[in-house]
Amino acid sequence: MTFRADSAETGRDDYDLARLLVWERGFAKYDADPEADLPRRVHKLFTEDEHRRALDYLAASEQDTDRLATIEAGLGEDTTSDTAWLVGQLRTAWARLDELRDRIDNSGTLIDLHYMAEGINYVRGSRIQNEPRDTVR
């Protein structure tokens, strides 16, 4: 199955493409054969470039905790340097961001979730189903 030759809707930014991809993942899981339905949906809606952009956008929001752990290990017993302070601040910020994203994903419909998620460029529901980057090609 091939991707679309031309964009279905020109001018969509990476955030919009990522939102559409996560939306289609949600619909595909209700099909009798979700593993086959998702590629059908994706290939019907996206060009290859749009699909890559959506996946890159979602991948960019993942925290590189391994790299941060390597930096921390390199600090050793040093807890007073600026680097140690920055590492601590980044860990705190990531934890709070995770909590905010979880609250957005788990909240009901009493608030405008799109407006809230867009405020931090978060694609609602993208943490629920972490699909490997190269699953749909």
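## Helix α3

Helix α3 contains 13 residues and spans 18 Å from its first C-alpha to its last, close to the 18 Å expected at 1.5 Å a residue. Helices here are DSSP runs of H or I with at least four residues, and strands are runs of E with at least two, numbered from the N terminus. The expected span is 1.5 Å times one less than the number of residues.

The buried residues of α3 are E50, H51, A54, L55 and L58. Seen down the axis of α3, these residues fall within an arc of 135°, so they line one face of the helix; the arc is taken from the directions from the helix axis to the C-beta atoms. Buried means under 20% relative accessible area, exposed over 50%, and partly exposed in between, with a 1.4 Å probe and protein chains only. The buried residues of α3 pack against α1 and α2.

## Basis of the model

The model is predicted: local features need pLDDT of at least 70, side-chain atom pairs count only at pLDDT 80 or more, and totals for chains, interfaces and linings use all residues. Residues are numbered from 1 along each chain as its sequence is written, and side-chain values use heavy atoms, with hydrogens and water left out.

The chain has six helices and zero strands. Of its 137 residues, 29% count as buried.

Beyond its neighbours within four places in sequence, L58 is in contact (heavy atoms within 4.5 Å) with A18, L21, V22, R25, V123 and S126.

## Salt bridges

A salt bridge is a side-chain nitrogen of Lys or Arg within 4 Å of a carboxyl oxygen of Asp or Glu; by this rule the count is eight. One of them joins the side chains of R12 and E50 at 3.8 Å, N to O. R12 lies in the segment before α1 and E50 in helix α3, so the pair ties together parts that are 38 residues apart in sequence. Both R12 and E50 are buried.

D14 forms a salt bridge with R53, with the closest N and O atoms 2.5 Å apart. D14 belongs to helix α1 and R53 to helix α3, so this pair ties together parts that are 39 residues apart in sequence.
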